[in-house]
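Visitor: I am new here and would like to know what the words used for a protein model stand on. Could you show me one?

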Amino acid sequence: FWEATTHFAAPPSPPLFLTDGDAAETGATSADYFDPAAPSLGPDTPTAVLLPFAELLPYLDRVLTTLALHTAARNDFITYWLPALSKEPFVALRFLPQKVYARAAELRVVPEPDVVTRVMMLFRGVPEEEAQLWAHARDRVTAVDWAQVVGLTAGVLDSSLFRVLEWGAMEV
């Protein structure tokens, strides 16, 4: 994991929007782009889900397991982000497609790994009085296939391969 400070005056590079080829390859839409200086997470975000805080921790553990985070990484992820996640009675979240995330945060590893898994979650607390605006996101909780959205590749759990796992989150 890593931390960064955004510089609002700097132009985005490389381009943060999907190309037609990216959309065809990943099934992503223009709503899936990620600009760290202006992250997007609203009730109309196609893959956003909304959970009551009481349901969040088991959900996150299941999703992070699906996204190939081992026990220590899942525990670290949840422990690190728990104070920010617990500010409101509801939490909206989405995981970014790896290709979308890579446009905003390039990663180079030498020697080149066999498998790279990058898990980036955007989230925000949602007050009780705004929860009704997120009804569709609440309905999507069991419908989103996060492994497909993120774009996990074959070999992600193959311990005989040189694998890189990066995880992070951003409060919107």
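Guide: Let us begin with tryptophan 81, which counts as buried at 15% relative accessibility. This is a predicted model, where local features need pLDDT of at least 70 and side-chain atom pairs count only at pLDDT 80 or more, while totals for chains, interfaces and linings use all residues. Residues are numbered from 1 along each chain as its sequence is written, and side-chain values use heavy atoms, with hydrogens and water left out.

Visitor: Why is tryptophan 81 called buried?

Guide: Buried means under 20% relative accessible area, exposed means over 50%, and partly exposed is in between (1.4 Å probe, protein chains only). Tryptophan 81 has 15%, and that is under 20%, so the word is buried.

Visitor: What makes the pair of tryptophan 81 and phenylalanine 123 edge-to-face?

Guide: Rings of Phe, Tyr and Trp (its six-membered ring) pair if their centres lie within 6.5 Å; planes under 30 degrees apart count as stacked, over 60 as edge-to-face and the rest as tilted. Here the centres are 5.5 Å apart and the planes are at 75°, so the pair is edge-to-face. Because tryptophan 81 lies in helix H3 and phenylalanine 123 in strand S3, the pair ties together parts that are 42 residues apart in sequence. Phenylalanine 123 is buried too, at 0% relative accessibility. Ring pairs also link Tyr80, Trp81 and Phe123 into a cluster.

Visitor: How many aromatic pairs does the structure hold?

Guide: There are five. One of them joins phenylalanine 34 and tyrosine 101, with 6.1 Å from centre to centre and 45° between the planes. Phenylalanine 34 is in the loop between helix H1 (20-26) and strand S1 (49-52), and tyrosine 101 is in helix H4, so the pair ties together parts 67 residues apart in sequence.

Visitor: How do you know what counts as a helix or a strand?

Guide: Helices (H or I, at least four residues) and strands (E, at least two) are DSSP runs, numbered from the N terminus. The protein chain has six helices and four strands, in the order α-β-α-α-β-α-β-α-α-β from the N terminus on.

Visitor: What makes a set of residues a nonpolar core?

Guide: A nonpolar core is a set of buried Ala, Val, Leu, Ile, Met, Phe, Trp, Tyr and Cys residues joined through side-chain atoms within 4.5 Å. The largest one has 28 residues, and those with the most contacts inside it are Leu60, Phe77, Leu93, Phe95, Met121, Phe123 and Trp146. Helix H3 gives the most to this core, with six residues. Apart from it lies another core of nine residues, among them Leu41, Leu50, Phe90 and Val126.

Visitor: Which residues does leucine 60 touch?

Guide: Contact means heavy atoms within 4.5 Å. Not counting residues up to four places away in sequence, leucine 60 touches Phe77, Ile78, Leu85, Leu93, Phe95 and Met121.

Visitor: Why do arginine 138 and glutamate 55 form a salt bridge?

Guide: Side chains of opposite charge can pair when their charged atoms come close. A salt bridge is a side-chain nitrogen of Lys or Arg within 4 Å of a carboxyl oxygen of Asp or Glu. The closest N and O atoms of arginine 138 and glutamate 55 are 3.1 Å apart, and that is within 4 Å, so the pair counts. Arginine 138 is in helix H5 and glutamate 55 in helix H2, so the pair ties together parts 83 residues apart in sequence. Arginine 138, at 30%, is partly exposed, and so is glutamate 55, at 36%. The structure holds six salt bridges.

Visitor: Why does arginine 140 have no salt bridge?

Guide: Lys and Arg count as positive and Asp and Glu as negative; His and the chain ends are not counted. For arginine 140, which is buried, the nearest side chain of opposite charge is aspartate 44, 7.8 Å away. That distance is not within 4 Å, so no salt bridge is counted. Arginine 140 is found in the loop between helix H5 (135-139) and H6.

Visitor: Is lysine 87 buried or exposed?

Guide: Lysine 87 has a relative accessible area of 53%, and that is over 50%, so lysine 87 is exposed. Its salt bridge is with glutamate 171, where the closest N and O atoms are 3.3 Å apart.
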